[in-house]
Amino acid sequence: MSRPPLPQHCPTPRELDDLELLVSGAAAPILGFNEPGSPITLSLPGELRTHLSQGEEIELVDPEGLPLARVASTLRGLAVTPLTHAQHGPFRRLYVAPAEVRRQYAGRTFVPVTDLVTDVQLEQLRRLGPVVLVALVGAGMPGVSPVALLRATLRVADLIGADVVACPLADHGSLADPALRISVLRSYADGDPVVELTYGGHVLPELADIARAERPRPGEQGLVLFFTGLSGSGKSTLAQALMDRLLEQGGRTVTSLDGDVVRRNLSAGLTFSKEDRETNIRRIGWVAAEIARHGGVAVCSPIAPFDATRQQVRAMVEQAGGAFFLVHVATPLEECERRDRKGLYAKARRGEIPEFTGISSPYEEPFDANVRVDTTGRTIDDALGDVVDALRTAGYLDLSAGPATAPAARVTEPIVVAEPPLPEPTPPAEPAGRIEATPLRVLFVCTANICRSPYMELRSRQLAGPDAGIEFASAGTHGFNAHPVDKVMAGVLAERGVSADLIAGFASRPLTDDLVDAADLVLTAEAAHRAFVLEEAPNAFRKAFTLGQFAESIDRVDPSLHGAELVTAAGHRRAGTAEHHDIRDPYRRGKAAAEVSANQIDDLLQSVLRRLALPQTGE
Ligand SMILES: Nc1ncnc2c1ncn2[C@@H]1O[C@H](COP(=O)(O)OS(=O)(=O)O)[C@@H](OP(=O)(O)O)[C@H]1O
Ligand SMILES: Nc1ncnc2c1ncn2[C@@H]1O[C@H](COP(=O)(O)OP(=O)(O)O)[C@@H](O)[C@H]1O
């Protein structure tokens, strides 16, 4: 008698990478999922957990349904029995198991690579002798896409006569990740040296084309504009108006995924149950992500009432390399019902339409919207202006010179879509009744301007408020143009109450002499950044400090001094830089590390901002 087929489960990309580590022996001594203290975990739906707990097996399949392994519950965790190996995918030949790597490359130095190699790193590699570059390509690990990392690492290997191995080590966002990384690398090196690359330098010119393709400017990156809100809130109207602007401007391919239209085509036959709504939104998300993957703009306007489903769409889009921009059309229910354009609210109130959003089915307000627009009592153009402004500030699209709101500029202003101007930091509104009219300009500096210095800048703006008489900006010694805040750090900022608009409006930039010149005070994360600033701009000597050093220095000067006077005084009584002043880089070290750095920064900002802010008149 044939046995009934095993229940199947398709793991997440991260879990699939972990499965490969387990099967290849790279994770040894970890042998299965969910072992105590191990970050290699598999999360399963309730019914499959029950199945396992009854001593039955389940089958893990890849997204195409190919069975990869069987899993059974044991005392240690979930044991894995491999079935088939993943056989396709770019550069598959480089995914060599540790035992084979040891056989081929014994005696070499092993160097993990997670990003495009820099000039400084190439020199380091040349000094190491014969090396094997281990490209860590697991989910969330490389700074570029896995295929780009492998293509780039092969080029570097050509330059120095090295070999390349792909290792699917993923980022689990866990405190156990560093230990796992060491252990996995040891399984390849087997006693041969493992050397980490130093941080810093400029991406090699030989890799410039890969860097360019991987890090498109916001004006070239695929973009999903997702309008969510109640029926009648104005989603379709605003989405359509925005589409028109995009089309009038030209230069991008634009696809509309309107709620009603999708319901008549892609999602025909679905009901308005929670389950069917989720299916509907995931379909929209899937199509939108594919559009973004190829650099297009998708404009979506379904109700999308559930936060979790919207998050799934965001993840799909970001996974495809696109940007996800959420517009909450926050017109209140009373206004939507007053409009009742299609007479549906009246029917819903009479009980003729079951599960009607806002009446008999929930709408979960987004907490992560890039912009929130209440259309009550406003013209369409006016409401659309909020969206256009937010898109420009975030650096995604500049439609501000479009014909609809600026008729005078219609014929005179050509618009370059591919390279939108970087958003200027918005100066705080002119404070009334201040002692000094010119604000103090503070520039924060770290390496890439995506993690520590954005945290310092945005948190300072929030803590100091608009009336402190201080302008905050940030830049990176090795910053790229227009990258958003690192996701983990953005989460910490949001949890600490920094507004979504502020976070979304951030765009990274490289440090320039002009930025240093324009600043009254330069505060860096580490002493190395301060040294970099001074190398480029030696005259900045008296105004450049590490944040910790500045906090210590201001304790030494007259406590009645504030603002620019305080900076001058501190410049003459500076504390030395000390290692304990440095704020360590939490990038890619998970949430806990980001919080440690954020706490350290918060402590320092508390004392620094209080002294920098000018006392209010009348105090
Ligand atoms: N029960 C119920 N609840 C909400 N809406 C209803 C319902 N039944 C029909 N309609 C009409 O369908 C439109 C919403 O479809 P969506 O696909 O956007 O909804 S969802 O995102 O799947 O929740 C919505 O259109 P919009 O007004 O454009 O939002 C309604 O016209
Ligand atoms: N400022 C505004 N922005 C958008 N729509 C508005 C505005 N003021 C009034 N409306 C009207 O509200 C209705 C919104 O309907 P629609 O765009 O179909 O909403 P939804 O797609 O969210 O169901 C339209 O009749 C539109 O003319």
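**Close-up views of the two ligand shells**

**View 1. Residues around ligand 1 in the predicted model.** Ligand 1 has 21 residues around it, of which Ser231, Gly259, Phe272, Pro302 and Ile303 come nearest. Two elements, α9 (259-264) and α10 (274-293), each give two or more residues to this shell. By class, the shell around ligand 1 holds nine nonpolar, seven polar and five charged residues.

**View 2. Residues around ligand 2.** Here the shell counts 18 residues. Gly234, Lys235, Ser236, Thr237 and Thr375 come nearest to ligand 2. The elements giving two or more residues are α8 (235-249) and α14 (380-393). With four residues, α8 provides the largest share of the shell around ligand 2. The class breakdown is four nonpolar, 10 polar and four charged.

**View 3. Ser231 in the loop between β8 (223-228) and α8.** Ser231 is among the residues that come nearest to ligand 1. Ser231 counts as buried because 25 C-beta neighbours lie inside 10 Å, and the cut-off is 20 or more. Leaving aside residues up to four places away in sequence, Ser231 touches Ile303, Cys336, Leu344 and Thr357.

**View 4. Ser233 in the loop between β8 and α8.** Ser233 is buried, since 29 other C-beta atoms lie within 10 Å. Beyond four places in sequence, Ser233 touches Val329, Thr331, Cys336 and Thr375. Thr375 is also one of the residues nearest to ligand 2.

**View 5. Positions listed by UniProt as "binding site".** The unreviewed entry lists Gly229, Leu230, Ser231, Gly232, Ser233, Gly234, Lys235 and Ser236.

Definitions and conventions. Residues numbered from 1 in each chain as written. Chains lettered and ligands numbered in written order. Predicted model: local features only at pLDDT ≥ 70, side-chain atom pairs only at ≥ 80, totals over all residues. Near = placed C-beta within 6 Å. Nonpolar A, V, L, I, M, F, W, Y, C, P; charged D, E, K, R; others polar. UniProt positions renumbered as here; feature names shortened; annotations may be inferred. Buried ≥ 20, exposed ≤ 12 C-beta atoms within 10 Å, placed from the backbone. Contact = placed C-beta atoms within 7 Å.
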